[in-house]
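Here is a short briefing to read with the model open beside you. Take a look around first, and then we can walk through the strands, the core and the surface together.

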Amino acid sequence: KTFLIDGVQFLAVADHGNSRSTIYRWSDDGFLEHQVLVTNRATDFEAFAIGVVQYLAVAEEHNGINYDINSTLFRWSGGRFVEHQALATSGAKDFEVFLIDSVVYLAVANHYTGAVP
């Protein structure tokens, strides 16, 4: 997922096979590693802003034991993403943001529930 913060291009790469996902920042030399986020089998990122605050939601599928885990909403603060809120999900595959009457909604597509076989 690509997104802009203060005119700087970022790329968030969800790593489904690992317990970490990487945020890259564009520079004249290409994308450089900016931050590593601890994630659980991440499948998707969704970047959005509410007012001047930038957020990044990560869909986390499972922790190796159970699909019913929290996905994480991060907030941009001091040049990096910090954990803002845990979101209850079940095998999360995708997040999408949309507006209705100027209200921001974050929808999740859950795919599995219960124990990981």
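Which residue forms a salt bridge with E61, and how many Å apart are the closest N and O atoms? The partner is K93, with the closest N and O atoms 2.9 Å apart. A salt bridge here is a side-chain nitrogen of Lys or Arg within 4 Å of a carboxyl oxygen of Asp or Glu.

Please keep in mind that this is a predicted model, where local features need pLDDT of at least 70, side-chain atom pairs count only at pLDDT 80 or more, and totals for chains, interfaces and linings use all residues. Residues are numbered from 1 along each chain as its sequence is written, and side-chain values use heavy atoms, with hydrogens and water left out.

**Salt bridges**

- The count comes to 2 salt bridges.
- Strands are DSSP runs of E with at least two residues, numbered from the N terminus.
- E61 is buried at 4% relative accessibility, while K93 is partly exposed at 31%. Buried means under 20% relative accessible area, exposed over 50%, and partly exposed in between, with a 1.4 Å probe and protein chains only.
- K1 forms a salt bridge with E46, and their closest N and O atoms are 3.2 Å apart. Since K1 lies in the segment before strand 1 and E46 in strand 5, this pair ties together parts that are 45 residues apart in sequence.
- K1 is partly exposed, with a relative accessible area of 39%, whereas E46 counts as buried at 7%.

- Two strands pair if DSSP finds at least two bridges between them.
- Strand 1 and strand 2 (residues 8–13) pair over 4 bridges in the antiparallel sense, with I5 opposite V8 in strand 2.
- Strand 3 (residues 20–27) and strand 4 run antiparallel and are joined by 8 bridges. A hairpin connects strand 3 to strand 4 through 2 residues, and W26 has F31 in strand 4 as its bridge partner.

- Strand 6 and strand 7 pair antiparallel over 4 bridges, and the bridge partner of L56 in strand 7 is F74.
- Strand 7 (residues 68–77) and strand 8 (residues 80–90) pair antiparallel over 10 bridges. R75 has V82 in strand 8 as its bridge partner.
- The hairpin of strand 7 and strand 8 has 2 residues between the strands, and G78 takes a positive phi near 60° there.

- Most residues other than glycine have a negative phi.
- D6, in the loop between strand 1 and strand 2, has a positive phi of about 50° although it is not a glycine. D6 counts as exposed at 74% relative accessibility.
- R41 also has a positive phi of about 50° without being a glycine. R41 is placed in the loop between strand 4 and strand 5 and is partly exposed at 28%.

**Nonpolar core and surface patch**

- The largest nonpolar core has 14 residues, of which F3, I23, L37, F45, L56 and F81 touch the most other members. A nonpolar core is a set of buried Ala, Val, Leu, Ile, Met, Phe, Trp, Tyr and Cys residues joined through side-chain atoms within 4.5 Å.
- The largest share of this core, 3 residues, comes from strand 5.
- F98, I100, V103 and Y105 form a nonpolar patch on the surface, with about 340 Å² of accessible area together. Such patches are made of residues with over 30% relative accessible area and no salt bridge, with nonpolar side chains (Val, Leu, Ile, Met, Phe, Trp, Tyr) joined within 5 Å and like charges within 9 Å. Accessible areas come from the Shrake-Rupley method with a 1.4 Å probe, and for residues only the protein chains shown count as cover.
- Strand 9 (92–100) and strand 10 (103–110) each supply at least two residues of the nonpolar patch.
- Y105 lies in strand 10 and is partly exposed at 37%.
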